[in-house]
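Hi everyone, thanks for making time. Let me put the structure up, and then I'll walk you through the ligand site and the sheet.

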Amino acid sequence: MNNPKMSEIEIKKLAELALSAREKSYSPYSGFSVGAALLTKSGNIYGGCNIENAAYTPTNCAERTAFFKAVSEGEREFTAIAVAGGAKSAAVKDFCPPCGVCRQVMMEFCHPGEFQIILVQSMENHKIFTLEELLPMGFGPDDIA
Ligand code: THU
């Protein structure tokens, strides 16, 4: 399942950064902390964590935090994102797939057949999917042109 386009070293680096971004999570309401690490085509990496809110709906997922940080710095082209999430104050136990809203944000900036989504369970265990696999027939910029 691992994509040959990404080296094991790149995958490990993104996994490590997603796990460390998770430590910054602000999640007092769900108690579920998530971290992400987003790799740009130019080789930059942006971290992100989920940021919750007492009014609940303004909550931002880790993946979107990473995307919005990157896009606001002028980045527009992306290769991969690693995601790690689980109950706070414990090690990650399961894979944490991105929510539908985050998949849609990815669809705006990424090539669905190429963009890699790395689900991190631990430094030793991950699964990789393309955006197309997680959002088949997604609606994107080409559809509104
Ligand atoms: N969350 C993420 O940050 N990313 C995901 O992929 C799934 C869910 C966050 C949103 C909320 O703060 C908490 O996890 C529980 O849903």
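**The ligand and its sheet**

Let's start at the ligand: one of its oxygen atoms lies 2.5 Å from a polar side-chain atom of Glu63, a polar contact being a pair of N or O atoms within 3.5 Å. Before going on, a word on the source: this is a predicted model, where local features need pLDDT of at least 70 and side-chain atom pairs count only at pLDDT 80 or more, while totals for chains, interfaces and linings use all residues. Residues are numbered from 1 along each chain as its sequence is written, and side-chain values use heavy atoms, with hydrogens and water left out.

Glu52 also reaches the ligand, with a side-chain N or O atom 2.4 Å from a ligand oxygen. From the backbone, a polar atom of Pro97 is 3.3 Å from an oxygen of the ligand. Taken alone, the ligand exposes 370 Å², and the protein buries 79% of that (Shrake-Rupley areas, 1.4 Å probe). Strand 1 and helix 2 are the elements giving two or more residues to the shell; helices (H or I, at least four residues) and strands (E, at least two) are DSSP runs, numbered from the N terminus.

Now, in what order do the strands of the open sheet come? The 5 strands run 2-1-3-4-5, with mixed pairing; two strands pair if DSSP finds at least two bridges between them. Strand 2 (45-49) and strand 5 (126-130) each have a single partner strand, so one side of each has no neighbour in the sheet. Strands 1 (32-40) and 3 (78-87) pair antiparallel over 9 bridges, and Phe32 stands opposite Ala87 in strand 3.

Conventions: Polar contact = N/O pair within 3.5 Å; in protein donor to acceptor, adjacent residues only side chain to side chain.
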